[in-house]
Amino acid sequence: MAIKYVLEDQIERNARNIAVYSGKLQELPKGVLYPRKRGDKIYYYLKYRDEAGKRVDKYIKADKVDYVKRQLDKRKEFLKMIRGLQEDIKIAKKGLR
């Protein structure tokens with residue numbers, strides 16, 4: 001019976017963590033940063049899809065490129081953590097059966 005309570009607690013804790021990470025994802029940019037060469041200069045754009053499903057290419061100023069890269073990397077880490085927590089919940093639910 002003690003294992004049951006531990007698994008239920010783990011499921012609840014992981015669900016709370018997923019909610020926290022999902023909230024943080026809303027603050028971070030989505031998409032891919034890619035360079036375009038025009039003449040001798042390289043310009044960076046953030047490519048993503050908006051709510052309507054249309055592709056958006058947003059220009060990123062040169063001094064903001066590193067910041068956007070860090071934000072996109074952080075988003076990838078959060079998504080990876082959420083997937084891991086969801087997998088842990090799935091395993092814990094199998095243990096409750």
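Biologist: How far apart do the centres of the positive and negative side chains lie?
Modeller: This is a predicted model, and its chain carries 27 positive side chains and 14 negative ones.

Biologist: What radius of gyration does the chain have, against that of a compact globule of 97 residues?
Modeller: The C-alpha trace spans about 70 × 25 × 15 Å along its principal axes. A compact globule of 97 residues would have a radius of gyration near 13 Å, but for the chain the value is 19 Å.

Biologist: In what order do the helices and strands run from the N terminus?
Modeller: The chain holds two helices and three strands. Read from the N terminus, the order is α-β-β-β-α.

Biologist: What distance does helix α1 reach from its first C-alpha to its last?
Modeller: Helix α1 covers residues 2-27, which is 26 residues. At 1.5 Å a residue, 38 Å is expected. The model comes close to that, with a reach of 39 Å.

Biologist: Which helix is included in what covers the buried residues of α1?
Modeller: With buried meaning under 20% relative accessible area, the buried residues of α1 are L7, I11, N14, I18 and L25. An α-helix has 3.6 residues a turn, so residues three or four places apart point the same way. The cover over the buried residues of α1 includes residues 65-96, that is, helix α2.

Biologist: What share of the residues in the chain is buried?
Modeller: The accessible surface comes to about 7,800 Å², with 51% of it belonging to carbon and sulfur atoms. Of the 97 residues, the buried share is 22%.

Terms used. Residues are numbered from 1 along each chain as its sequence is written. This is a predicted model: local features need pLDDT of at least 70, side-chain atom pairs count only at pLDDT 80 or more; totals for chains, interfaces and linings use all residues. Side-chain values use heavy atoms; hydrogens and water are left out. Helices (H or I, at least four residues) and strands (E, at least two) are DSSP runs, numbered from the N terminus. The radius of gyration is taken over C-alpha atoms; the globule rule is 2.2 Å times the number of residues to the power 0.38. Buried means under 20% relative accessible area, exposed over 50%, partly exposed in between (1.4 Å probe, protein chains only). Accessible areas come from the Shrake-Rupley method with a 1.4 Å probe; for residues, only the protein chains shown count as cover. Lys and Arg count as positive and Asp and Glu as negative; His and the chain ends are not counted. The place of a charge is taken as NZ of Lys, CZ of Arg, CG of Asp or CD of Glu. The expected span of a helix is 1.5 Å times one less than its number of residues. Contact means heavy atoms within 4.5 Å.
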